[in-house]
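Here is a brief report on surface and packing features. Look over the sequence and model before reading on.

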Amino acid sequence: PVAWVDAVRADVPWKAAVGPPLHPAMGGGFRLYFNEVTVTRFDVGTGPEAMATADGEETRWTFAVYGTVGHMF
């Protein structure tokens, strides 16, 4: 099992993104190692996302599920 936290700067190439400069995220999952270079991973995470609205700005919490089979990184 793993737990993780992350922060990323996300912009559209031609303009700055709405909201704070860093967007945090958090979640957990598991890893299954088959040998030195191959791993299966499954993660579930969430984080706040600033949305521009007609009334200004509001925050919604997004939810994502991610899985891979392949190399460690």
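Phe42 has a relative accessible area of 34%. That value lies between the 20% and 50% cut-offs, so Phe42 counts as partly exposed. The model is predicted, and all values here are computed from it.

A pair of aromatic rings is described by the distance of the centres and the angle of the planes. The count comes to one aromatic pair. Phe30 and Phe42 form this pair, with 5.7 Å centre to centre and 35° between the planes. Phe30 sits in strand S2 and Phe42 in strand S3 (residues 38-53). The two are 12 residues apart, and the pair links distant parts of the chain. Phe30 is also partly exposed, at 37% relative accessibility.

## Nonpolar surface patch

Phe30 and Phe42 also belong to a nonpolar surface patch, together with Leu32, Phe34, Phe63 and Val65. The patch covers about 630 Å². Strands S2 (23-33) and S4 (56-71) are the elements that give two or more residues to it.

Phe63 is found in strand S4. At 61% relative accessibility, Phe63 is over the 50% cut-off and therefore counts as exposed.

## Largest pocket

The largest pocket has a volume of about 260 Å³. Its lining holds 16 residues. Nearest the pocket centre lie Trp4, Ala25, Gly45, Thr46 and Ala64.

Which elements give two or more residues to the lining of the largest pocket? They are S2, S3 and S4. S3 gives the largest share, eight residues.

Definitions and conventions: Residues are numbered from 1 along each chain as its sequence is written. This is a predicted model: local features need pLDDT of at least 70, side-chain atom pairs count only at pLDDT 80 or more; totals for chains, interfaces and linings use all residues. Side-chain values use heavy atoms; hydrogens and water are left out. Patches are made of residues with over 30% relative accessible area and no salt bridge: like charges are joined within 9 Å, nonpolar side chains (Val, Leu, Ile, Met, Phe, Trp, Tyr) within 5 Å. Accessible areas come from the Shrake-Rupley method with a 1.4 Å probe; for residues, only the protein chains shown count as cover. A salt bridge is a side-chain nitrogen of Lys or Arg within 4 Å of a carboxyl oxygen of Asp or Glu. Helices (H or I, at least four residues) and strands (E, at least two) are DSSP runs, numbered from the N terminus. Buried means under 20% relative accessible area, exposed over 50%, partly exposed in between (1.4 Å probe, protein chains only). Rings of Phe, Tyr and Trp (its six-membered ring) pair if their centres lie within 6.5 Å; planes under 30 degrees apart count as stacked, over 60 as edge-to-face and the rest as tilted. On a 1 Å grid over the protein atoms alone, a cavity is a set of points where a 1.4 Å probe fits but cannot get out, and a pocket is an open set with protein on both sides within 12 Å along at least five of seven lines; lining residues have an atom within 4 Å of a point. Grid points are joined across faces, edges and corners, and a volume is the space filled by probe spheres set on the points.
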